[in-house]
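Me: Could you walk me through this structure in a few friendly questions and answers?

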Amino acid sequence: MKNEIKNKKIGKPAYIKIKINHITDPIMVSKLYEASQAGVDIDLVVRGNCSLVTDVPGFSDNIRIHGIIDRYLEHSRIFIFAAGGEEKVFIGSADWMPRNLDNRIEVVTPIYDVRIKKEMKRIVEYGLNDTLQGRIVNGSGENNFWQTEDNTVFRSQEALYNYYLAENVNNNQSLNENLK
């Protein structure tokens, strides 16, 4: 996050996109607020607890949070950073909670494979575009849903399921053709 703040200040591309279950750690919350105040665009997909309050002018107005609870229990933790135009993607094991960050050994690792990066980005982007299950998380406690200008309905889990089902069918057909 420090690099995104630095990059924004020197005019390089700067954004943060994260898919995670919980964000309650005061240090991480503070760092996200700092990034927002520096002008870094922050888009989060958070399944559960979230201690951030968005839409506070000059403080958290660059943070958008999509809360999604749907049919499938998801545990992916994906972190995407603009990195000044050299986008970096990471996966990890920890939610940003004090118990995870202070009392456990957790792992975050970079993704280098272009194909896997693309898949991780797809998962996050689908979550950010969910208009059927994607609630606006802003600290108000209301359950307002994200909407598009044309009121398009998009359910991220269903779209991912269908995408991977089609990929599996295509892969099996290719395998069968290669075996002939």
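Me: Where is the place of lysine 12?
Reply: Helices (H or I, at least four residues) and strands (E, at least two) are DSSP runs, numbered from the N terminus. Counted that way, lysine 12 sits in the loop between helix 1 and strand 1.

Me: Before we go on, what kind of model is this, and how are residues numbered?
Reply: Residues are numbered from 1 along each chain as its sequence is written, and side-chain values use heavy atoms, leaving out hydrogens and water. Local features need pLDDT of at least 70, side-chain atom pairs count only at pLDDT 80 or more, and totals for chains, interfaces and linings use all residues, since this is a predicted model.

Me: Is lysine 12 buried or exposed, or in between?
Reply: Buried means under 20% relative accessible area, exposed over 50%, and partly exposed in between (1.4 Å probe, protein chains only). Lysine 12 has 42% relative accessibility, so it counts as partly exposed.

Me: Which residues is lysine 12 in contact with, leaving aside its neighbours within four places in sequence?
Reply: Contact means heavy atoms within 4.5 Å. With those neighbours left aside, lysine 12 is in contact with Asn7 and Gly84.

Me: How many Å apart in space are lysine 12 and glycine 139?
Reply: Along the sequence, lysine 12 and glycine 139 are 127 residues apart. In space, C-alpha to C-alpha, their separation is 30 Å.

Me: What about arginine 71 and glutamine 133, how many Å apart are they?
Reply: Arginine 71 lies in the loop between strand 3 and strand 4 (78–81). In sequence, arginine 71 and glutamine 133 are 62 residues apart. Their C-alpha to C-alpha distance is 9.8 Å.

Me: Is arginine 71 buried or exposed, and what does it touch?
Reply: The relative accessibility of arginine 71 is 65%, so it counts as exposed. Not counting residues up to four places away in sequence, arginine 71 touches Arg155 and Gln157.

Me: Is histidine 22 buried or exposed?
Reply: Histidine 22 has its place in the loop between strand 1 and helix 2. Not counting residues up to four places away in sequence, it touches Val46, Gly48, Asn49, Asp95, Trp96 and Met97. Its relative accessible area is 19%, so histidine 22 is buried.

Me: Why does the span of helix 2 agree with its number of residues?
Reply: The expected span of a helix is 1.5 Å times one less than its number of residues. Helix 2 (residues 26–37) has 12 residues, so it should span 16 Å.

Me: Which elements do the buried residues of helix 2 pack against?
Reply: In helix 2, the buried residues are Met28, Val29, Lys31, Leu32, Tyr33, Ala35 and Ser36. They pack against helix 1 (2–9), strand 1 (15–20), strand 2 (41–46), strand 3 (63–68) and helix 3 (98–103).

Me: What pattern does the protein follow along the sequence?
Reply: The protein has five helices and seven strands. Read in order along the sequence, they give α-β-α-β-β-β-β-α-β-α-β-α.

Me: What percentage of the residues count as buried?
Reply: The protein has 180 residues. The share of them that count as buried is 39%.
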